[in-house]
Amino acid sequence: MKEIILIKNGELALKGLNRCNFEDILIKNIRRRLKSLGEITIRKAQSAIYLEPKDESFDFEEALQRVKLIFGIAGFSRACVCEKEMEDILEKSVEYLKEPLDKVKTFKVEAKRADKRFPLTSPEICREVGGKLLSKYHHLKVDVHNPDITVFVEIRDTNAYIRAEQITGAGGLPVGTAGTASILISGGIDSPVAAWTMAKRGLRLNAIHFASPPYTSPRAEMKVKTLLSKVARYSGCINLAIVPFTKIQDEIAKNCPEDYFTLIMRRMMMRIAQKIAKDSGSLALITGESLGQVASQTLPALVTTDYVTNMPVLRPLIGMDKEEIVTISRNIDTFETSILPYEDCCTVFTPKHPKTRPTLESCEQAESGLDIDQLIEEAISETTYTYIE
């Protein structure tokens, strides 16, 4: 029996005349993610994508795991390809569904007749297939309200398809449909979640990390790379810029009031990040800030931070509480890495009594002892780059 992966693209169906562009990018992303598993044929029709392996060595189980993480896919399932004839549908339903049906006691059948030329109506298809399965699997009973399993029969363009339950996909929009942005990535819980959230809305990601050896260890840098590799399972490859920040922090510590340390560090980071982001083709910056979570994330503090940039700053977590953010981090498997005890440069230089209601004028006065342009130029010239897959 020929088996395919049948993919439903959900939100893309609402894109009107632009839908083809979104679907083409999604197909490109699928092809890239599955390339190492063998040759495949991919086609689109009737708001669905059909993925067919070209040889028997194709690893279906691994393909399903990878498809589950691709943004733009609402749901997917393994499906058996049938001729658009009831005899073939009935015969293959008995054989193809043997394994899942042996494990359950109740079932129901749902049919979708996208091709209205098919001679039977959807209720008639359900009766035929349900009766055939009951005649072969005597332990089964029909339960239309709360079945252990639902069998789906779809009559589509060139073929009919039989499948069991649909697997929920990652949802969102295909990565690359919304442009490129740069995430300021630390080793904490929030920024990987922010990166994942914006990739889900179709953004291709670059990343910028500020490292402060010897205040931070090489393990802190490895932690960030591990976090990005987990995000990259969803977003695709990420270009990471690692910015040396030690000299800037030392200069801040020597020349600025302690209660402004974090604010001035954030302002320096945003200045540097903007330059790197523009050079990499990013149209916006992304941060993991949540309003009021810490002193540097009060509204007055955010205003003073944003003032040094002229790029949009996207803050997808701004209205979330910590519990919501932690839930997402657990779901995308970044939480356990985020809580490893390797500090980032911000936590090392946290003042005892940080300023929570700064003004623009007070921040500019507090950092007036710094040679800002020279520090930025040196940091960017010493920035290193790596590729995260």
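## Two helix pairs

Contact here means heavy atoms within 4.5 Å. By that test, D190, V193 and W196 in α6 meet K322, I325, I328 and S329 in α11. This is a predicted model, in which local features need pLDDT of at least 70 and side-chain atom pairs count only at pLDDT 80 or more, while totals for chains, interfaces and linings use all residues. Residues are numbered from 1 along each chain as its sequence is written, and side-chain values use heavy atoms, leaving out hydrogens and water. Helices are DSSP runs of H or I with at least four residues, strands are E runs of at least two, and both are numbered from the N terminus.

Two packed helices are described by the angle between their axes and the distance between the axes. For α6 (residues 190–200) and α11 (residues 322–331), the angle is about 70 degrees and the axes are 9 Å apart; axes are lines fitted to C-alpha atoms over the stretch in contact, with angles from 0 to 180 degrees between N-to-C directions. The two helices are therefore roughly perpendicular (65 to 115 degrees; under 35 is roughly parallel, over 145 roughly antiparallel, and the rest oblique). Their crossing is left-handed, with the near helix turned anticlockwise from the far one by less than a right angle (clockwise would be right-handed).

Now for the second pair. Helix α3 (residues 86–96) packs against α5 (residues 122–136) at about 40 degrees, with axes 10 Å apart, which makes α3 oblique to α5. This crossing is right-handed. On the α3 side, M86, I89, L90, S93 and V94 meet I125, E128, V129, K132, L133 and K136 of α5.

## An enclosed helix

What about helix α9? The 19 residues of α9 (261–279) should span 27 Å at 1.5 Å a residue, and the end C-alpha atoms agree at 27 Å apart; the expected span is 1.5 Å times one less than the number of residues. Because 16 of its 19 residues are buried, α9 is largely enclosed by the rest of the structure (buried is under 20% relative accessible area, exposed over 50%, partly exposed in between, with a 1.4 Å probe and protein chains only). After α9 comes G281, with a positive phi near 90 degrees.

N29 lies in helix α1 (residues 19–34) and counts as buried, at 4% relative accessibility. Setting aside neighbours within four places in sequence, N29 is in contact with P174 and V175. Its side chain reaches the backbone oxygen of V175 at 3.0 Å.

P214 sits in the loop between β11 (204–211) and α7 (218–235), and at 72% relative accessibility it counts as exposed.

Methods
A polar contact is a pair of N or O atoms within 3.5 Å; within protein, one must be able to donate a hydrogen and the other to accept it, and residues adjacent in sequence count only if both atoms are side-chain atoms.
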